[in-house]
Amino acid sequence: MGKRLENKVAVIFGGAGRIGSSAAEAFWSEGASLALIDKNSEKLATIKQRLLKGGREDQRCIAIESNIESESDARTVSQKLIEIFGKIDILLNCPAYIFRAPFLDHPVEELDRQWHVNVRLVFIFSQAIARVMKDGGGGKIINMASIGGQYPEREHTGHCAAKAGIIAISRVMALELAQFNIQVNVVAPGPTETVPFSSPFYLQHPEVLQRIESRTPAGRIGHPEDHTGLLIFLACEESDWITGQVILSDGGLSLV
C-alpha cells in the first residue's frame, strides 16, 4: 500500500497509553508527522526515542506534555501545532480512565472523573482541532470508545456511560462537520491488553480475565496492535466516504 499517511500531520491525544503509542508507531511507519500529547512526559520521551530509533531530533515527531484540562489549554496546544506543522490532518483521541465497581457501590466522584477524562477532555480538544481542520480544508477525527458504550458491562457503570457519551458526541460531530470535509468515526475495542488488566483486581481475580477470554470467539483479549490497521484506514484517504460510524474491534465478543 505504500506510505498511506505521507505528508499528513497526525495528533494523538493520550499518546503515552498502550493504544495511543501503538497507533503512533503505526502512523509513523505510514509516513505521518506526529504530535504526541499526554500528561506523562517520561513515557512520551520514551515513545519518541523509540520512533526515532534513538537518533537525533526530528521535527516530524514532537511530544507535548499536557492533559488539555481547559479550553485555554486546547487553544494553546492547537496554536503550537499550527506554528510547527502549519496544518493538522488527523486527530486520534484516546485518553482513558476506567474504574470498576458494582452499581450500588459506585462512587459518584468516580463517575465524574470518568466523564471528565473520557468525554469532556475529548470534547474540548476536538472542538479546537476541528476549527483548525475547517480552516485547512478538512481532516479526520477518530475517537476511541469501547464496546461498553453499546453493550452493558457489569461493574462498569461509569465506563459504559462515558463511552456511550463519546459515541453520541462523535455522531453529532460527524453530522455537523461533514460540510467542512471532516470525517469523524469511532473505534470501539473489546477488552484490550492495557493498564487496567495489570491492575490489582485482575491480578487477584485471574478467573475474571479467563472468563472474558473464554467468551470471546477469538479466544483471547485484544492487543493494542489489533486496532492499528483499522486506525490507519480511518486516518487515510481510503475512508473519505465513511463518517459517523462506530466500528467494533472486539474479536467477536459483541456477537455472543
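This is a predicted model: local features need pLDDT of at least 70, side-chain atom pairs count only at pLDDT 80 or more; totals for chains, interfaces and linings use all residues.

Modeller: Of the contacts in the chain between residues at least 6 apart in sequence, 73% join residues at least 24 apart. The chain is built from eight helices and seven strands. Its radius of gyration is 18 Å, close to the 18 Å that the globule rule gives for 256 residues, so the chain is as compact as a globular protein of that length. The C-alpha trace spans about 50 × 40 × 35 Å along its principal axes. Of the 256 residues, 50% are buried.

Now to the two helices. Helix α4 covers residues 108–136 and helix α5 covers residues 157–177. Their axes lie 8 Å apart, and the two helices pack at an angle of about 15°. Angles under 35 degrees count as roughly parallel, and α4 is therefore roughly parallel to α5. The crossing of α4 past α5 is right-handed.

Which residues make this contact? From α4 come Leu 111, Gln 114, Trp 115, Asn 118, Val 119, Val 122, Phe 123, Ser 126 and Ala 130. From α5 come Gly 158, His 159, Ala 161, Ala 162, Lys 163, Gly 165, Ile 166, Ile 169, Met 173 and Leu 177. Sorted by class, the contact of α4 with α5 has 12 nonpolar, six polar and one charged residues.

His 205 sits in the loop between α6 (200–204) and α7. Leu 175 is 30 residues away from His 205 along the chain, and the C-alpha atoms of the two are separated by 43 Å.

His 227 also belongs to a loop, the one between α7 (206–215) and α8 (228–235). With a relative accessible area of 2%, His 227 is buried, because that value is under 20%. Apart from its neighbours within four places in sequence, His 227 is in contact with Ile 19, Pro 189, Thr 192 and Ser 249.

To return to the helix pair: α4 and α5 run roughly parallel, with a right-handed crossing and 12 nonpolar residues in their contact.

Notes
Residues are numbered from 1 along each chain as its sequence is written. Side-chain values use heavy atoms; hydrogens and water are left out. Helices (H or I, at least four residues) and strands (E, at least two) are DSSP runs, numbered from the N terminus. Buried means under 20% relative accessible area, exposed over 50%, partly exposed in between (1.4 Å probe, protein chains only). Contact means heavy atoms within 4.5 Å. Axes are lines fitted to C-alpha atoms, for helices over the stretch in contact, and angles run from 0 to 180 degrees between N-to-C directions. Angles under 35 degrees count as roughly parallel, over 145 as roughly antiparallel, 65 to 115 as roughly perpendicular and the rest as oblique. A crossing is left-handed if the near helix is turned anticlockwise from the far one by less than a right angle, and right-handed if clockwise. Ala, Val, Leu, Ile, Met, Phe, Trp, Tyr, Cys and Pro count as nonpolar, Asp, Glu, Lys and Arg as charged, and the others, Gly among them, as polar. The radius of gyration is taken over C-alpha atoms; the globule rule is 2.2 Å times the number of residues to the power 0.38.
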